[in-house]
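Work through the exercises below with the sequence and the model open side by side. Try each task before reading the solution that follows it.

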Amino acid sequence: MKILIVDDEKVIRDSLSDFLEKAGHSVETTENAVKALYVFEKGLIDVCIMDIRMPGIDGVELLEKTKASYPDTYYIMITGHGDMNDAVNCLKLGAYNYLRKPVNLDELISNLERIEQKEKMKKELEEHREKMNFSEKIAAIGTLATGFAHSVNNPLAFLKGNYEQLNKLCSLMQKSFNNNGDAKDKKKIEFLLKEMPEILESSIKAIDRIKEIQKQIFSVREGIKTDETINIYDIINQSFEHVCKKNFAGHDISLRLQAEVEKKLTVCGSKSALLNIFVVLMSNSIEAIANLKDQQITVQCDKNSNGSIELTYFDSGNGIPPYIGESIFTPFFTTKGDHQGIGLYFAYWLAKQIKGDLQIKYNEKGLSRFVLTLLKQKKSEDRGQTPEKSKSKKTKTKK
Amino acid sequence: MNKQVVVVDDEQDILDMLRRAFTLEDIDCICFNDSVEALEFIKKNNNMIAVIDIKMPKMSGIQLLNEIKKYNPLCNIIIITGFSSMARVVECLGGGAIDYFVKPFKTTDDIIVALKQCMERLNRWEEAISK
């Protein structure tokens with residue numbers, strides 16, 4: 001392990017470093033806090049052993065500073081007789097342990113051994129977690145893939161049926177050209193010709209729908225960016241336009257964005273993911289409120305104390321009853337027929353991918369609300385390429 | 001016996017496609033994109049043949065099947081489904097459906113053959129009853 005010893009007394013520094021080097025550790029020593037900070041900056045320190053009483057910046061202050069910047073390092077404090085209060089204080093600040101002067105070397109070694117064990121376990125746990133995450137992701141993609149494959153069935157079904165009918169028309173017409181057709185065939189030809197615009201229109205619709213599904217698969221395959229800067233106000237309006245104008249042109253639905261949704265409020269995440277989340281929520285809403293007098297969708301925005309943004313989404317419909325609310329994010333769960341029950345699961349999955357969260361909550365009247373939590377954009381970060389990328393995306397969607 | 005075929009699917013394009021396919025074969029049919037309305041109609045008109053999609057809002061195809069069977073156990077019900085899940089199909093067949101077709105259909109002619117068989121069966125019943 002890499003160990004740093006901070007002590008103003010040369011004797012202690014030397015004896016400890018001698019001892020620890022012999023025990024197989026790599027040791028650096030400094031006589032004051034300022035130099036210690038330099039060493040910290042140079043590279044990772046596994047364990048820092050420091051005296052509490054030092055001239056200038058003392059051990060407590062140094063601990064406060066280093067713990068904030070290097071939280072993964074273990075800190076062992078060395079205390080004299082009089083500073084028990086400080087020692088306890090250091091534990092509160094996150095020190096691993098304290099050792100009394102004169103330092104008992106066996107005690108020091110046992111402390112270091114415990115740290116090593118702890119680190120080993122931490123690493124194993126992390127590896128395990130990574131593996132878990134990976135298999136979870138694979139499972140999620142599998143579920144999504146099944147959902148997508150599934151949602152292609154319906155458009156394929158009527159597309160295929162339509163083509164069968166065109167095929168029939170063709171052979172019927174050939175037959176009658178060769179003067180082999182009878183009155184019955186003629187009637188069929190007339191019927192099919194009359195239906196022709198509908199057949200063609202519905203076939204084009206099927207192809208568009210399959211294309212739409214394919215686009216979604218691509219957006220998943222490309223991976224979801226988590227670092228795009230997104231204007232929430234724009235995204236909500238864009239989704240609303242997309243859903244209402246495209247699929248529900250006849251309805252007179254109003255979108256009410258509460259004043260708190262500032263026009264310039266930005267969050268961190270993926271534009272396409274966020275757009276998809278709102279499209280799913282709004283498509284659900286519009287179906288729920290399509291036959292109501294009051295057709296309204298409301299989005300409220302709150303800032304959490306930890307800097308994240310909380311968007312509360314609800315419509316003027318009856319909402320989702322609590323007994324359904326529990327299972328609403330389960331894949332293939334649906335209360336409707338024409339959707340495959342993958343929408344909300346997809347939205348939830350996307351929210352998780354951009355490190356946010358999508359939950360269903362109930363207000364005091366028992367009405368359901370979707371709460372979407374998003375990470376606020378980091379101010380200090382310089383993102384060189386992202387604006388270009390998002391631009392190219394925009395033109396894509398326009399096409 | 002009312003041999004008009006009741007077709008129930010919440011997807012209008014599927015309905016249109018089936019309506020055309022059936023009409024071409026001179027099969028008299030009526031389409032519903034709402035299972036509750038379809039049930040009302042069947043109760044009122046005593047239809048003996050129905051083609052039903054499994055996944056529908058309000059009332060699923062399985063529920064509709066059970067409701068129809070409660071009211072008219074002799075009704076010939078054909079299931080169409082986008083689910084390749086056998087569990088659902090088995091549930092429908094156990095509930096008294098006579099046949100099932102998975103979307104996308106190999107050919108709609110298969111459904112037409114099944115419908116024509118239903119009609120023949122109903123004709124035989126009619127003959128038997130009249131004797």
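Predicted model: local features only at pLDDT ≥ 70, side-chain atom pairs only at ≥ 80, totals over all residues.

Residues are numbered from 1 along each chain as its sequence is written, chains are lettered from A and ligands numbered from 1 in the order in which they are written, and side-chain values use heavy atoms, with hydrogens and water left out.

**Exercise 1. A helix pair in chain A**

Describe how helix α8 of chain A and helix α10 of chain A are placed relative to each other, and list the residues through which they touch.

Solution. Two packed helices are described by the angle between their axes and the distance between the axes. Begin by locating α8(A) at residues 271–289 and α10(A) at residues 343–353; helices are DSSP runs of H or I with at least four residues, and strands are runs of E with at least two, both numbered from the N terminus. Their axes come within 9 Å and cross at roughly 150 degrees, where an axis is a line fitted to C-alpha atoms over the stretch in contact and angles run from 0 to 180 degrees between N-to-C directions. The two helices are therefore roughly antiparallel to each other, a label given to angles over 145 degrees, with under 35 counting as roughly parallel, 65 to 115 as roughly perpendicular and the rest as oblique. The crossing of α8(A) past α10(A) is left-handed, that is, the near helix is turned anticlockwise from the far one by less than a right angle.

Next, take the contact itself, meaning heavy atoms within 4.5 Å. From α8(A) it draws on A273(A), N276(A), I277(A), V280(A), L281(A) and N284(A), and from α10(A) on G343(A), L344(A), F346(A), A347(A), L350(A) and A351(A). Nine of these contact residues are nonpolar, three are polar and none is charged.

**Exercise 2. The parallel sheet of chain A**

In what order do the five strands of the open sheet of chain A lie, and which are the edge strands?

Solution. The order is β2-β1-β3-β4-β5, with parallel pairing, two strands being paired if DSSP finds at least two bridges between them. The edges are β2 (26–30) and β5 (97–100) of chain A, each of which pairs on one side only. From one strand to the next the twist averages 20 degrees. Within the sheet, β3(A) (residues 47–51) and β4(A) (residues 74–79) run parallel and are joined by five bridges, and I49(A) has I76(A) of β4(A) as its bridge partner.

**Exercise 3. Strand β12 of chain A**

Is strand β12 of chain A mostly covered or mostly open, and which strands are bridged to β12(A)?

Solution. All seven residues of β12(A) (residues 368–374) are buried, meaning under 20% relative accessible area, with exposed over 50% and partly exposed in between (1.4 Å probe, protein chains only). In a regular strand the side chains alternate between the two faces of the sheet. Here S368(A), F370(A), L372(A) and L374(A) lie on one side and R369(A), V371(A) and T373(A) on the other, with both faces covered.

For the neighbours, β10(A) (residues 309–315) runs antiparallel to β12(A) with five bridges, and β11(A) (residues 357–362) also runs antiparallel to β12(A), with six bridges. L372(A) stands opposite L311(A) and is also the bridge partner of L358(A). A hairpin is formed by β11(A) and β12(A), with five residues between them, and G366(A) in the turn has a positive phi of about 85 degrees.

**Exercise 4. Chain B and one of its strands**

How many helices and strands does chain B have, and why can β4(B) be called largely enclosed?

Solution. Chain B has five helices and five strands, which follow the pattern β-α-β-α-β-α-β-α-β-α along the sequence. Six of the six residues of β4(B) (residues 76–81) are buried, so this strand is largely enclosed by the rest of the structure. Its side chains divide into N76(B), I78(B) and I80(B) one way and I77(B), I79(B) and T81(B) the other. Five bridges join β4(B) to β3(B) (residues 47–53), which runs parallel to β4(B), and I79(B) stands opposite I52(B).

**Exercise 5. A residue of chain B**

Is D13(B) buried or exposed, and which residues does D13(B) contact beyond its sequence neighbours?

Solution. D13(B) lies in helix α1 (residues 12–24) of chain B and is buried, with a relative accessible area of 7%. Leaving aside neighbours within four places in sequence, D13(B) is in contact with F158(A), S202(A) and K205(A).

Definitions and conventions
Nonpolar A, V, L, I, M, F, W, Y, C, P; charged D, E, K, R; others polar.
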